[in-house]
Amino acid sequence: MSFQQLGLSAKLLRAVDAQGYKHPTPVQSLAIPPILLGDDLMARAQTGTGKTAGFTLPLLQRLNESPRQPHQKRNVRALILTPTRELAAQVHQSVRTYGRFLPLSTAVVFGGVGFRPQAQALRRGVDVLVSTPGRLLDHLQQRTVDLSGVEVLVLDEADRMLDMGFLPDIRRILAKLPTSRQNLLFSATLPREIRELAERLLNTPSCIEIESERPTVDGVSQVVHPVDREQKSKLLSFLIGSKDWTKALVFTRTKRGADRLTRHLQRDGIRADTIHGDKTQGARTRALADFKRGKTRVLVATDIAARGLDIDDLPQVVNYELPHVAEDYVHRIGRTARAGRKGDAVSLVCADESKQLAAIEKLLGERIEKTVVEGFAPSARVANSEGGHRRPRQSTRTAKPWQRPRGYRSTNERRRDEGPRAGRSNRSSRPRR
Ligand code: AMP
């Protein structure tokens, strides 16, 4: 299957070609034809599948084929709603990239940045508006946006919008749209609430599901390093230094935890920055841009801020803490190994995260290899997915003396201090996985 066969216009094919895309991804092959026909669509597809081009390319083609009517002067013609500011900026960038040879105007609005420049852009009229729900409601209240002529609505990452409590906002936005329009809903998962929303929103939709219920993390090699909670930050510094990681996205569970870890890494001389919901939008944009261009080596993020981010060439994802929701693990490690590349996902797991680890392994349908990094063996064991307690395998990697936990001695040092039996008996008493 080629992009030509999907029925895209010459100008869009040129834009796709300029991006270096050779063939449509599965979600593109399945989504583009019905969208071009004007059908509603419900798609279960994760980020990384090429879904943004899957809805943007046909949407741009449809807008371009039916030029703006005189009475539509200032109306938004296509509205794309995303859960986070970063995703909005990213999707807007894609819209501009794919639409670069078309005479269509675009804008992006989200909170945390000035309202007035957005209002001015909206006043000039935009064909495609990408927005987060909160700031769009502000513009509706201030009457700086007119949604009465929306022809196409896209809900991107609908499940995450639901998780973030945006459903009431979305309902209020829907009330401002004309009833006759094309609706496209993209979601990584299809829980009951999303199906109910889809039932109300979509009109005899085409439905596509990209992968099986079981999430695939193809191309990502995964490992768990069992470690005590208090040793995690030291272990992370050690891994970054000893493995010479040049670009690592590190996930923490809380914003304060992200700030604390970033300070720790900076104290260890590692160029690190943070991205989370309490940061100003300027700081978030800067942190992401610095990370993308390699100015910072480590970006510490919370789930919400990092959702849907597309970072080119990201070899390393670290779960500093496991997420509460097992599906988030898949989203996190999906940041690496995008577009067919390989990636590594490392999870630092302490004993009281055994339950989350078991849930993740159950979701994946496989065990994740556990390797203790020498010098960072946990005092309490991390349970495996069957609830048993197996001793994890010991890594052969040796921590540098200044990176080891206080009181730690290597096998050789113990042998030297206590005689040859010390190291040997210790090793033989350590059952292997
Ligand atoms: P998305 O799932 O929309 O976030 O896209 C994930 C990544 O896949 C982005 O970096 C896109 O540039 C890339 N991509 C999208 N479509 C294709 C394609 N047909 N061939 C190769 N890469 C693609």
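## Helix α6 and its surroundings

Six residues of helix α6 are listed here by name: Pro-133, Arg-135, Leu-136, Leu-137, His-139 and Leu-140 are its buried residues. This description rests on a predicted model. The buried residues of α6 pack against both strands and helices. The strands are β2 (78-81), β3 (106-109) and β4 (128-131), and the helices are α5 (116-124), α7 (158-163) and α8 (167-174).

Just after α6, the backbone at Arg-143 has a positive phi of about 55°. The loop between α6 (133-141) and β5 (152-155) contains Gly-149. Gly-149 counts as buried because its relative accessible area is 12%, under the limit of 20%. Gly-149 and Lys-176 are 27 residues apart along the chain, and their C-alpha atoms are separated by 9.6 Å.

## The protein as a whole

The protein has 433 residues, and 55% of them count as buried. Its secondary structure consists of 17 helices and 15 strands. The accessible surface comes to about 20100 Å², and carbon and sulfur atoms account for 46% of that area.

Contacts can also be sorted by how far apart the two residues are in sequence. Among contacts between residues at least 6 apart, 73% join residues at least 24 apart.

## Confidence in the model

The mean pLDDT of the protein is 85. A value of 70 or more is reached by 83% of the residues. Over residues 387-433, however, the pLDDT is below 50. In the model this stretch has 70 contacts beyond near neighbours in sequence.

## The ligand and its shell

The ligand is surrounded by 14 residues. The closest are Tyr-21, Gln-28, Gly-48, Thr-52 and Asp-310. By type, the residues of the shell divide into eight polar, three nonpolar and three charged.

Which atoms of Gly-50, Lys-51 and Thr-52 lie by oxygen atoms of the ligand? For Gly-50, a backbone N or O atom lies 2.8 Å from an oxygen atom of the ligand. For Lys-51, a backbone N or O atom lies 3.4 Å from a ligand oxygen atom. For Thr-52, a polar side-chain atom lies 2.5 Å from an oxygen atom of the ligand. Taken alone, the ligand exposes 500 Å², and the protein buries 82% of that area.

## Leu-235 in helix α10

Helix α10 covers residues 232-242 and includes Leu-235. Is Leu-235 buried or exposed? Leu-235 is buried, because its relative accessible area is 0%.

Leaving aside neighbours within four places in sequence, Leu-235 is in contact with His-225, Val-227, Leu-348, Val-373 and Phe-376. One of these residues, Leu-348, is 113 residues from Leu-235 in sequence. In space, the C-alpha atoms of Leu-235 and Leu-348 are 8.4 Å apart.

## Gln-222 in strand β8

Strand β8 runs over residues 220-226, and Gln-222 lies in this strand. Gln-222 has a relative accessible area of 14%, so Gln-222 counts as buried. The side chain of Gln-222 is joined to the side chain of Tyr-329 by a polar contact of 2.6 Å.

Notes. Residues numbered from 1 in each chain as written. Predicted model: local features only at pLDDT ≥ 70, side-chain atom pairs only at ≥ 80, totals over all residues. Heavy atoms only, no water. Near = heavy atom within 4 Å. Polar contact = N/O pair within 3.5 Å; in protein donor to acceptor, adjacent residues only side chain to side chain. Areas by Shrake-Rupley, 256 points an atom, 1.4 Å probe, with all protein chains shown as cover. Nonpolar A, V, L, I, M, F, W, Y, C, P; charged D, E, K, R; others polar. Helix = DSSP H or I, 4+ residues; strand = E, 2+ residues; numbered from the N terminus. Buried < 20%, exposed > 50% of the residue type's maximum accessible area, 1.4 Å probe, protein only. Contact = heavy atoms within 4.5 Å. pLDDT = per-residue confidence, 0-100.
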